Amino acid sequence: MDAIPNEFPISLRSWPSANSNDALPSIIQRINLERGGFQNITEESLREEIAREELNNGDNGDSSSEDEEEPDRAKELNAAREEFIGQIEQAHQASMLALDFISLLLSKDAPVQASLSLSPDLQAMVGAKTLGADKLAAPRTTEAQKQDNRNIAKGWKVQHLNKTVDSILASATRLEKEIEHETKYWEQVLAVSEKGWAICRLPNQKHILGVRFGFSESSPAFKGRSLAALRRKSDGTISLDQGLADAEPKTLRVRIEVDGSFTGSSILRKAVPQDSPVEALILQARNTIFSEELWQELNRESRILEPVKSKDNTLIYQLTDTKTMVLDLVPLEEEPLRFTGPDDAIAEGIFLALNILLSSAHRLAHRKRTQPPPPIVLEKRTTPPLNLLRPFITRVKHQETISKLRDILRPLHRVLSSLYLDHPPTYTQIPTLWPPQPNLTVAERTVLALTERLEVTATLTITPTTTITIKAQTHSQPTIFPQFVLSISPESPLHITCPPPTRLDSLPALQEYLYYATSCVLASIFVPSSNPPLETSSPPLEWTQTTTPSILTKPLTSTTKTKQLAFTIRCTPQSSSKGGARTILRVQWEWARGDLSGRNLALSAFPTTGLRSTLWGDGKNAGVPYFTDQESRLGVSPFGEEDFDFAGNGEGKGSGNGNGGKKKRGLQAEGYYEWIAWVGEDDSDKGFFEVVRSLRSVVESAGTVKGGEK
């Protein structure tokens, strides 16, 4: 009882039940007894009283928490119980004494009613009607005082009415502002919903709206972070609350590195300011969680993918011999540093490709989820990492294979075209188009066409009877590797002389077979058969094929010796070739026992009259009589003895003309003749006009006996 202040009035009547009929009168009576009526109760006094009680409770709690020890809990409970019972008994005794006093006082005027509440012990000790009370003097209130009291009461009523009116007006103003703020809030919520974002209630706070900006097929770690609360600010605008999740905007950055310096980077968007519209903030949060999931999946896949290396929070992959791809996750800034380089387009393309692959993986996961689930097994199924880098690297390897295959076949085709064969050779390289799956969308078909079943078909027609078809495939499972499937036309003589392997797994092996097979086909043109040769209408030459299909022999009637003719094709690497890598076809003749024809003999100069190459000229006669003014202005001169290649490396002694060391396409020297084509050139490269000999004229010259050879 010591904790209760003495001046605080206490009502001993129990609090009425809510179901009782006299609850309201009882409450009014208690307020009159405890508070002295409603005139002394104001909102300010009640707030002050509540604040004092909270302050006292806080002080008591602080003091008790500071002095709190660890007593025996059972003893504490027993002591508190005894104290509580003692206080109840003391209150009961005090109330009984007060009841006896009031009953004894009323026994003089109402003895019957007073005897009902008067205790028998007190009645036997002092008796009834022994205590009374009288009014000593009547009140001396005049009419003026009564009028003043009425005026005072009236003034109080008017004052409280004015306060009530002011309170109502303030409430109306506040309600009007609240309606304005609520209208503004719901307009923004409606705008968010109209933009396509999913609006829902928060799972644990049903009275708060939220927005889902993530992806339903994301991993559980990111799916739980894809929900944010749409809280209302004091001015009615929406605040995007992402909870405990990191709200810093981030994005994936792709950079291209060449020789230790960065030559390209993907575009880094600006961070959206906090005072921007909520739709922009939601979009930024969606992009951030997408980039974080993409970065996590790339890291998971890099652990099982050998070509990708992880270093200092970056992923590194060697795109080509000179270019390296570097991936990292960086925060967005409101004013990002602008970087431009020659490889920006490559970096931005890789960034878009990785984003498309993650979206495709989400769609594939959704398709699997809509299908019937697999049977239940005891072993726990593990979730493998998504295939993002593997299809990308497979596509890069496929493009690299296509480029290298083109660098092999295109110069070879140019060399064959400069031979002036009766039937010009043809070359095509076309990607294989597979029939689309009907149950997939256009976007899914596009992704599958770019990442799966990668195949290109290249055809090289050397003669009408010989067509080599190459199907270059790039596989991604179990490892990333290329594969080449070769086939030859049925009537080709290569089936006997040089049958192709069914499959090849490397470009060098393919290049070696193509060069050797082409040499064998060119040699077979000049071998007589039961049927007339396919490449000429003239009588067949008396060349016979040896056990090596690319080598021919011919006995000369005027001598006792035999001429030997060899066809070889080779490719010189770029590092050892002046003017770049090139493909060279050499026709070399010698005596069968190893004596080179023409050794230590004075050969006539390469004739300057002949036909220009159909790829590099207009097909008209060329030479000194036909030398034009335009050719003179271009610095072109006909070839002479100073341009011959006596060293056998494809370069003449003279200065020559042309760009990058490309002096001539046809080279004649002692015992051989060469046709040259550079890798990477195209039909627009017409820096010079050269005269080349046909294959037939070279073979005819090799099969004749010149002066001094007898």
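Mentor: Arg-232 is partly exposed, because its relative accessibility is 30%. The class runs between buried, under 20% relative accessible area, and exposed, over 50% (1.4 Å probe, protein chains only). This is a predicted model, where local features need pLDDT of at least 70, side-chain atom pairs count only at pLDDT 80 or more, and totals for chains, interfaces and linings use all residues. Residues are numbered from 1 along each chain as its sequence is written, and side-chain values use heavy atoms, with hydrogens and water left out.

Now the partner. The side chain of Arg-232 meets that of Glu-178 in a salt bridge, 3.0 Å from N to O. The term means a side-chain nitrogen of Lys or Arg within 4 Å of a carboxyl oxygen of Asp or Glu. Glu-178 sits in helix H6 (residues 143-194) and Arg-232 in strand E3 (residues 227-232), so the bridge ties together parts 54 residues apart in sequence. Helices (H or I, at least four residues) and strands (E, at least two) are DSSP runs, numbered from the N terminus. Glu-178 is also partly exposed, at 32% relative accessibility.

Across the whole structure, a search finds 15 salt bridges. One of them pairs Arg-570 with Glu-674, the closest N and O atoms being 3.5 Å apart. Arg-570 lies in strand E17 (residues 562-572) and Glu-674 in strand E22 (residues 672-678), so this pair ties together parts 104 residues apart in sequence. Glu-674 is buried, at 0% relative accessible area, while Arg-570 is partly exposed at 29%.
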